[in-house]
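Let's work through a few exercises on a sheet and its helices. Have a look at the structure first, then try each task before reading its solution.

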Amino acid sequence: MTSSRRQRTHEHILQALAQHGDLTRAELSRLTGLSRSAIASAVTLLSDEGLLAEETAGPTGPSARGRRPTVIALRRRPGVVLAIDFGHSHITAAIADTSGTLLAECSAALDVDSQPQQALDTATELAGHALARAGHTSGEITGIAAGIPGPLDIRTQVVRAPTILREWIGLNPAEELSRRFGKPVAVANDADMGGRGEHTFGAARSIDDFLYIKASHGIGAGLVLGGRTYRGSSGIAGEIGHTHLEGATNLCRCGNRGCLETVVSITEVRRELAHVLPTEHPTDQARPTAADPPSLADLATRPAAARVITDAGRTLGLVLADLVNCLNPAAIILGGELGEAGEPLAEGVRESINRYAQPASAKAVTITASTLQQRSELLGAVATAIQQSAIG
Ligand SMILES: [Zn+2]
């Protein structure tokens, strides 16, 4: 077995244990698709490295009789992990323990798109603040991961166009962050991180085939297929924001016309909400302003706003219906700033999928909003950093 193949096998096993807890060899084989012999040799090597231990499963109650099964358990390393979430206009850094419990979190508002170096420096400062708040030192950090809102080429680790992060095109964020922290940093696209966050800590914990949709200023999909993130040949799968909508003609930042995200984005929805809300609440002081917009969850409780949001969901659902036909997922989880709208958005997506996807595929998929309160990406970075620290 080549070393890179061996490493992939090890990552797969560690990920399954991190997600499902203690497992028997047979369960590990079933969940990872690896042969019993591949599991046996990997478990031996990982146990020698101190990452795994074979233990006898505890009694499960008065009715538990007979021989108790031997299970493989992940040995948590001491130390903490650092997770960074770069958004369109904010950065969050968080410190978590190696079981994924958040210990401290620091955020700052910043125009991330146009100031990459300042954004990377701010992330470093926020990490220092979070570390101090959690009462730990940089020497205790065992893994670091960051999510960025743009397509990342996995062959070169470089940000590709088209992207919200115009000034980041050609930049290697993993290299930049590693230099600042003096440690390796795993970097991935934010929608992929969001999918991982949902898979490990959120609405998709027991689901191995689902789509996580990050709908904010742009729209990206994190594809989790067969329990693993699907990134495509060069890492930029899931750029669904640039799917052409029939009849739409708005110019998109990618140079095409009529892309999904020229019609459905947090910017477009807030613009439409500003149009309908004054009519409903002529003296409403909570009217959206650029300085302090009310949350979409609050706005979505008003009937006129809910209609606007459901309509955006229907348009998003047109594109997702094709993906449902193609991939037959068990769930679609709606995240990002638009996902915060909750049920009115999910309702629109559901309507279009029921109308345009094949009935059997439409019946198989559940549409829900994320329950992680816009922390899917941050928690995905936590899960990635934990895996990185387990692999060492
Ligand atoms: Zn486009």
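**Exercise 1: a sheet and its edges**

In E9, Asn189 is the bridge partner of Ile148. This is a predicted model, where local features need pLDDT of at least 70, side-chain atom pairs count only at pLDDT 80 or more, and totals for chains, interfaces and linings use all residues. Residues are numbered from 1 along each chain as its sequence is written, and side-chain values use heavy atoms, with hydrogens and water left out.

Task: find how E6 and E9 pair, and where E9 stands in the sheet.

Step 1. Strand E6 (residues 141-148) pairs with E9 in the parallel sense, over four bridges. Strands are DSSP runs of E, at least two residues, and helices are runs of H or I, at least four, numbered from the N terminus; two strands pair if DSSP finds at least two bridges between them.

Step 2. Five strands make an open, mixed sheet in the order E5-E4-E3-E6-E9. Strand E5 (102-109) and strand E9 (186-189) are at the edges with a single partner strand each, so one side of each has no neighbour in the sheet.

**Exercise 2: two helices**

Task: work out how the axes of H4 and H5 cross.

Step 1. The axes of H4 and helix H5 (residues 173-181) come within 10 Å and cross at roughly 40 degrees. Axes are lines fitted to C-alpha atoms, for helices over the stretch in contact (heavy atoms within 4.5 Å), and angles run from 0 to 180 degrees between N-to-C directions.

Step 2. H4 and H5 are therefore oblique to each other: under 35 degrees counts as roughly parallel, over 145 as roughly antiparallel, 65 to 115 as roughly perpendicular, and the rest as oblique.
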